Amino acid sequence: MGRDGPFARWRHKPLAVAMGIAGALLKPTPVYTRGRRNALDLRRVEFELELPGLPASFDGYRILHLSDTHLDYFPELVPAARSLLAGIEVDMLALTGDVQGLHRNPIEQATGLLMEALQDVRVRGPRLAVLGNHDPIAMADVLAREGFEVLINRSAVLEQGGDRLRVTGLDDVNSFYTEAAQRALGEHEDEFRIALIHSPEVADDADAAGYALYLCGHTHGGQICLPGGRPVMTRLRRCHHAASGLWRQGDMIGYTNRGLGVAGLPLRFNSRGEAAVITLRRPGR
Ligand SMILES: [Fe+2]
């Protein structure tokens, strides 16, 4: 059940068939070659975010935010991802779902390729993850074996210098929205909280619940966009303003990661895959 009613799963099949036909028609053309090259041309996006109420000890806290890696679907991305990520040092790794690309592939294939891509990253603190709509529930155990703490409708408390920062992760709200997710979102409202949620589709609820920051993915930034970066399709049913990059919802700041990987077709147009390095700052330092 989705936030606004049952998710229309019947739409998946025709879309997959249409993608397959489009891919087959494009494959012998230079357009396909260009789109594939674009998909391999990853970007490291680095920025600071001023967050009112950020506990003093977390000023300068660095998060590597990855999403929608889907590396089993497009393993050629692994060397590009590894060199993109090499040498990054952060306090926390936040993975906002869709590690898996194709359901028929073993989960360990997707996670193994992700760990290969992460080999030269140094994460001083926790590795937190939530599941996406492509991830089966068994992904939670596999990620846990790789050292991730998987947040399914619960939160983790980070403590530093006597301060606390709470990170809440929900099950994928695009496919598996539940009352438990809504309940988890509303808890600990007197604390400074960051939400990790696969899709931006509950940004309004998170803002109403008092979150300072919302990190998500799911849209791939459109993946195939018109010139200027306007997505042709985002698969969002609500919160359309949060389709890509930085946005604001009331008092909350959000970031919709454009995803490291691709799905549907191994192509990108007017859009690039990315890894985001986010530094948290107290306003008016
Ligand atoms: Fe995805």
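Arg 238 is buried, at 13% relative accessibility, where buried means under 20% relative accessible area, exposed over 50%, and partly exposed in between (1.4 Å probe, protein chains only). The model is predicted, so that local features need pLDDT of at least 70 and side-chain atom pairs count only at pLDDT 80 or more, while totals for chains, interfaces and linings use all residues. Residues are numbered from 1 along each chain as its sequence is written, and side-chain values use heavy atoms, with hydrogens and water left out.

Arg 238 forms a salt bridge with Asp 204, with 2.8 Å between the closest N and O atoms; a salt bridge is defined as a side-chain nitrogen of Lys or Arg within 4 Å of a carboxyl oxygen of Asp or Glu. This pair links distant parts of the chain, 34 residues apart: Asp 204 lies in helix α7 (residues 203-208), and Arg 238 in the loop between β13 (230-231) and β14 (245-249). Helices (H or I, at least four residues) and strands (E, at least two) are DSSP runs, numbered from the N terminus. Asp 204 counts as partly exposed, at 23% relative accessibility.

In the whole structure, 17 salt bridges are found. One of them joins Glu 89 to Arg 122, the closest N and O atoms being 3.2 Å apart. The two residues are 33 apart in the chain and link distant parts of it, Glu 89 being in strand β3 (residues 89-90) and Arg 122 in strand β5 (residues 122-123). Glu 89 is partly exposed, with a relative accessible area of 36%, and Arg 122 is partly exposed at 47%. Both belong to a network of salt bridges that also includes Asp 91 and Arg 124. A further salt bridge connects the side chains of Arg 44 and Glu 46 (3.5 Å, N to O). Arg 44 is partly exposed at 36%, as is Glu 46 at 46%.

In helix α2 (residues 30-40), the buried residues include Tyr 32, Gly 35, Asn 38 and Ala 39. These four lie on the same side of α2, because they cover an arc of only 125° around the axis, taken from the directions from the helix axis to the C-beta atoms. The face turned away from the buried side of α2 carries the exposed residues Pro 30 and Arg 37.

Val 17, Ile 21 and Leu 25 make a nonpolar surface patch of about 300 Å². Patches consist of residues with over 30% relative accessible area and no salt bridge, like charges being joined within 9 Å and nonpolar side chains (Val, Leu, Ile, Met, Phe, Trp, Tyr) within 5 Å; accessible areas come from the Shrake-Rupley method with a 1.4 Å probe, and for residues only the protein chains shown count as cover. Leu 25 lies in helix α1 (residues 12-26) and is exposed, at 63% relative accessibility.
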